[in-house]
Amino acid sequence: MKVLHIGFYYQKNRADQILEYIQCILPLEWKWSLKNYFDYFKKPIIKTDFYNGNKIYRISINGLTRFPGLYQAYFKFASEQIFDKYLSENPKPDIIHAHSAYLGGIFSFYIKKKYNVPYIITEHITHYAEKKIPAKLIPLLRRAFKLADTRLMVSPQLGKTLEEIFDNNVKPWIWLPNMIPDNYFKAYENNPGKTNHSKFRFLN
């Protein structure tokens, strides 16, 4: 089975978390600055990158996405553009794994509508409970959850939070806890010559 992973952000120093041999499509957030003001109407640009043997497809987001009325048109256009690029170099995937409905799920929604590729959503971000999701995205997220073939939540609390926001559109969902590597539970070996400066990592 060929699985296509669609994430909601891209950080190269964290790309090693991507499963081997799974290509990725990840949208980039557009951020306002005077420097990129003239890129406001610039056509989204598709870029590819390689990391640990994985080919990663990325697409830029222009300033038009700052307007609520244009969000839907942008995501439809961008998802079709980047998926066409993916299909020009790869066979059609059997299923899509959207790593969060936020952006990844929205892209998957439009891809399924046009190309009939089933998708599952694994939801894990705390943005919903923290009320950090832009209001203009709520209608798109609602549709992404509703059309998903399977909805996975990393905690029962997150599932209930999403029910409060999206009602029956997020049902039914399955609780699938985060998987944690064994090395998180292994004690560090004492080494007088070195100091461990690693940061504590929180898992939601």
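This report describes the charged pairs, aromatic pairs and nonpolar core of a predicted model.

Side chains of opposite charge can pair when their charged atoms come close. The structure contains six salt bridges. One of them joins K55 to E89, with 2.5 Å between the closest N and O atoms. This pair connects distant parts of the chain: K55 belongs to strand β4 (residues 54–59), whereas E89 sits in the loop between α1 (68–87) and β5 (95–99), and the two are 34 residues apart. E89 counts as partly exposed because its relative accessibility is 37%, a value that falls between the 20% limit for buried and the 50% limit for exposed residues.

A further salt bridge is formed by K112 and D149, whose closest N and O atoms are 3.0 Å apart. K112 is located in helix α2 (residues 101–115) and D149 in the loop between α3 (138–147) and β7 (150–153), so this pair ties together parts of the chain that are 37 residues apart in sequence.

K76 and E80 form a salt bridge in which the closest N and O atoms are 3.1 Å apart. Both residues lie in helix α1 at a separation of four residues, about one turn of the helix. K76 counts as partly exposed, with a relative accessibility of 41%. E80, in contrast, has a relative accessible area of 15% and is therefore buried, the limit for that class being under 20%.

## Aromatic pairs

The count of aromatic pairs comes to seven. Among them is F75 with F107: the ring centres are 5.7 Å apart and the planes meet at 75 degrees, so the arrangement is edge-to-face. This pair also links distant parts of the chain, with F75 in helix α1 and F107 in helix α2, 32 residues apart. Both F75 and F107 are buried.

The rings of F109 and Y110 have centres 5.0 Å apart and planes at 80 degrees, and this pair is therefore edge-to-face; the angle lies over the 60 degrees required for that label. F109 and Y110 are both buried.

In soluble globular proteins, nonpolar side chains tend to be buried together. The largest nonpolar core in this model comprises 41 residues, and those with the most contacts inside it are F75, Y128, L137 and F145. At least two residues of this core come from each of β1 (3–6), β4, α1, β5, α2, β6 (119–123), α3 and α4 (156–166). Helix α2 provides the largest share, nine residues.

Apart from neighbours within four places in sequence, L137 is in contact with Y71, F75, Y102 and I106.

## Residue I59 in strand β4

I59 is a residue of strand β4. Its relative accessible area is 1%, and I59 is therefore buried. The C-alpha atoms of I59 and A78 are 7.5 Å apart in space, although 19 residues separate the two in sequence.

Note on methods: Residues numbered from 1 in each chain as written. Predicted model: local features only at pLDDT ≥ 70, side-chain atom pairs only at ≥ 80, totals over all residues. Heavy atoms only, no water. Salt bridge = Lys/Arg side-chain N within 4 Å of Asp/Glu carboxyl O. Buried < 20%, exposed > 50% of the residue type's maximum accessible area, 1.4 Å probe, protein only. Phe/Tyr/Trp six-rings, centres within 6.5 Å; stacked < 30°, edge-to-face > 60°. Core = buried A, V, L, I, M, F, W, Y, C linked by side-chain atoms within 4.5 Å. Contact = heavy atoms within 4.5 Å.
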